[in-house]
Each structure stands twice: as C-alpha cells, then as structure tokens.
Amino acid sequence: MAAVLGLIIGVVVGIFVRPDIPIVLQPYLPIMVVAALDALLGAARSYFERSFSDKVFVISFVSNVVTATLLVLLGNQLGVGSQLQTAVIVVLGIRIFSNVSAIRRFIFRG
Amino acid sequence: MPMSGKREHDLLSKMHSQHAADKENDRMDTGSFPIVRRRPRRRGVTNEVRGHVASSILIVVLCAMLGFGYAIQLNNTTSTYETMSEDELTRLITETSTQVQNLQQRKAELSSQLKSLQEAANKQEEAKRIAKQNEDTSGLLSGRLPAVGEGVVIRVTRGTKEKVDASTMFQLLEELRNAGVEVMAINSVRVVTSTYIADAKGGLLCDGVLLKAPYTVKAIGDSQNLQNAVNIAGGVGSRLKVKFGAQVSVVSSNSVQINEIAQVEQYSYAKTVE
C-alpha cells in the first residue's frame, strides 16, 4: 500500500517538476531505476510468500541501487562501463523475470 | 567419622539458616520496597509501532524516489548523448560526416552548374554587346547612322582663279582619310567608301548630287591631325589657295554633328563567308 502510494507520488512529482539532473548522475539513473524496480518486485514476491519484512525491503532496495551504481562506476573507471552496464541490466532483468514468474505462480495457483 | 559428620551437619544447618535469612531479607513484598513494574512490554509495543511507521515512511520515500527517477528518465532519454556508448557515438559521427560529405559534393556540383550558367549568361551578354558595337561601327562606316564628335569643319570658297575641280576635292578627302577621319560629309552628302566626285557644270557631282561652292566638309576625327592634314605646307590646303585662289578655313570643334546619311547598298553578289 505504502509502496504503491510512494510510486504514484514519485511519478506525479517527476512528471510535473522536471528538474535538471546533474550530469554526473545521468549515466547512473537508468541503472538505479532498474535496480530499484528489481528490489520492488522482490518485495512483492516476498509479500506473496508471506515473508515480507520492511527492514529487509529497505535494506535490499538501498543495497541494490548502491551496488548497481558502484558497479557501473567501477566499469566506467576501468573503461568497460558500457559492457558492465549491460551486464548489470541483464542480471537485473533476469531477476525481475524470475520474480514476476514467482508472483504469477502465486496469483494463479490459488 | 562422627566428628566429621557432626561438623558437616553443622555446616549444612548453617547454610540452611543462612539461606532462610537471605530469603527473609530479600523479600520484596514487605511494603518497604514498592513494586515498580518494568515496562518492557509497553515500551516494546511503542517501538514496534514506531518502527512500523518509520519503515512505511521509508518505503514510501524509496518508492517515490524510484517513480521520480523513472519519470525523469522518461523525459530525459531522447535528448541526450550522455548515455550513448562509444560505438553508437562513433557510428553517429560517421553517419553525420558521410552526410556532410554528400551535401558538400552536392553543393560543389550545384555551384559549378551555377557558375557555368553565369558564364553562359555573361557570354551571351558579351556577344550582345559586341553585336551592338559592330552594329554601331558598321552603321557609322556605311553611313547609315548620324554621328557626332570631335573634329573639324573645312570651308572652301569658290575659286577666284579657277573652278575647284573634282580631283583636288577628292585629294582633300583622301588627305583627311589618311589623317584618320572616321566620319565625314561634304555639303549634304555623307562620304562613304563608294563615294565619288566628278566634275560637273557649275560645281561638282558627288554621288549623283550636284554640289555648288562654297563647299563645307565636316569631318570627325582627331582635330589636330585633320587640321595638320589640310594646312600642311605644300598640302592640299595650299594647293587650293595657290592654284585655285580659294579661301580655306579650318575650324576645329568638340562636337561636329553629321546628320547626313547615305543609302545602304544592297549587295546582290557578295555574301558573307560562313
């Protein structure tokens, strides 16, 4: 409930405010968004599995975002930024797919 | 053994009594120590509620950040090259430079075309100008056009000793021609290439027109040269004066006007060579 509320608020604010993102942050924003999406879907899955925990969600959210960003930052510094970005996106995408399939199983089983 | 057993019994009873005394002393429900309830449960409940609220707020904030970032990225992706990879940028640059080259080539073609067209136009204009010039020149030459310009006007009066004859008049015209005359007329006759002068009764016959003294020759050319040609010692001027007793006056002018025009000959045999 809180998550949905927060999402709606964020999207509305983002659409109407349209701030300038700092240039430094620009390459990392899409990665951060995907990582956060992964955390959100993981939380949804655990909610369906009746094992949802606020703390775990918050920590996994933050750590997902930070890890993805740091990984891309590291890749940029090593000169393999685009490849590592692709790798992160692929891994997160796989996780998102598996989470979604788990959720789907929960929904359609009962 | 009994000794030791007694001693042991003593110790045991002593410990027993001590324990009893301790228990008596440690009693708390005497009223002297009011029972203060610990509130772990209550405190635990508030902590739990607070934690729940805090984590909910945190979730809201995090999800709001997610949505915010998503929305920004939606607006952002189309307008920036920042997130493009090196390969994409290289490809983009190559494509753009190819396009630029093509456009430059096209521009060069078009400008050369424009140049050639302009040259053609110039040539045409030049041809027109030359044709106009030729027309003017040949018009003046053939006596088709009136002329005006620097030159001299020569008046020859009736000869007192003798009638001025055609050959002398013709010599005068030839002298003027040698001096570079461009256009000339004698009385009312324009002098052209085919002009002839013959003696006639009471004057001279020039191109079928009877001329009578005094004769006025208008000539356009370098006035100094023309004057010299007439007035030169032993020239045609002095011959006219000495032999025929005629008065010769040469007046140079900046604008001698020759309005007489000659009939243009129609050539029936000669044709231009193509």
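Begin by selecting chain B, whose elements run α-α-α-β-α-β-β-β-β-β-β-α-α-β from the N terminus on. Please note that the model is a predicted one. Chain B contains six helices and eight strands. Of its 274 residues, 25% are buried. Consider next the contacts in chain B with a separation of 6 or more: 73% of them join residues 24 or more positions apart.

**First stop: strand 7 of chain B**

Select residues 215-220 of chain B, which form strand 7, and find Thr216(B) within that strand. Is Thr216(B) buried or exposed? Its relative accessibility is 17%, so Thr216(B) counts as buried, the cut-off for this class being under 20%. Now display the surroundings of Thr216(B). Leaving aside neighbours within four places in sequence, Thr216(B) is in contact with Val153(B), Ile154(B) and Arg155(B), and also with Ala185(B), Ile186(B) and Asn187(B).

**Second stop: the segment after strand 8 of chain B**

Move on to Glu260(B), which lies in the segment after strand 8 (248-258) of chain B. Glu260(B) has a relative accessibility of 17% and therefore counts as buried. Which side chain makes a polar contact with the side chain of Glu260(B)? The partner is the side chain of Lys218(B), at 3.4 Å. Residues up to four places away in sequence not being counted, Glu260(B) touches Lys218(B) together with Ala185(B), Asn187(B), Ser188(B), Val189(B) and Arg190(B).

Turn now to chain A. Two packed helices are described by the angle between their axes and the distance between the axes. Select helix 2 (residues 29-48) and helix 3 (residues 54-78) of chain A: they pack at an angle of about 150 degrees, and their axes are 8 Å apart. Helix 2 and helix 3 of chain A are therefore roughly antiparallel to each other, a class that requires an angle over 145 degrees. Helix 2 of chain A passes helix 3 of chain A in a right-handed crossing.

To view the contact, display the following side chains:

- From helix 2 of chain A: Ile31(A), Met32(A), Ala35(A), Ala36(A), Asp38(A), Ala39(A), Leu40(A) and Ala43(A).
- From helix 3 of chain A: Phe57(A), Ser60(A), Phe61(A), Asn64(A), Val65(A), Ala68(A), Thr69(A) and Val72(A).

By class, this contact of helix 2 with helix 3 of chain A has 12 nonpolar, three polar and one charged residues.

Select Ser53(A), in the loop between helix 2 and helix 3 of chain A. Ser53(A) has a relative accessible area of 28% and is therefore partly exposed. From C-alpha to C-alpha, Ser53(A) and Ala43(A) are 8.2 Å apart in space, while 10 residues apart in sequence.

Helix 3 of chain A passes helix 4 of chain A in a right-handed crossing. On the side of helix 3, the contact is made by Asn64(A), Ala68(A), Leu71(A), Val72(A), Gly75(A) and Asn76(A); on the side of helix 4, by Gly81(A), Leu84(A), Gln85(A), Val88(A) and Arg95(A). By class, the contact of helix 3 with helix 4 of chain A has five nonpolar, five polar and one charged residues.

Definitions and conventions
Residues are numbered from 1 along each chain as its sequence is written. Chains are lettered from A and ligands numbered from 1 in the order in which they are written. This is a predicted model: local features need pLDDT of at least 70, side-chain atom pairs count only at pLDDT 80 or more; totals for chains, interfaces and linings use all residues. Side-chain values use heavy atoms; hydrogens and water are left out. Axes are lines fitted to C-alpha atoms, for helices over the stretch in contact, and angles run from 0 to 180 degrees between N-to-C directions. Helices (H or I, at least four residues) and strands (E, at least two) are DSSP runs, numbered from the N terminus. Angles under 35 degrees count as roughly parallel, over 145 as roughly antiparallel, 65 to 115 as roughly perpendicular and the rest as oblique. A crossing is left-handed if the near helix is turned anticlockwise from the far one by less than a right angle, and right-handed if clockwise. Contact means heavy atoms within 4.5 Å. Ala, Val, Leu, Ile, Met, Phe, Trp, Tyr, Cys and Pro count as nonpolar, Asp, Glu, Lys and Arg as charged, and the others, Gly among them, as polar. Buried means under 20% relative accessible area, exposed over 50%, partly exposed in between (1.4 Å probe, protein chains only). A polar contact is a pair of N or O atoms within 3.5 Å; within protein, one must be able to donate a hydrogen and the other to accept it, and residues adjacent in sequence count only if both atoms are side-chain atoms.
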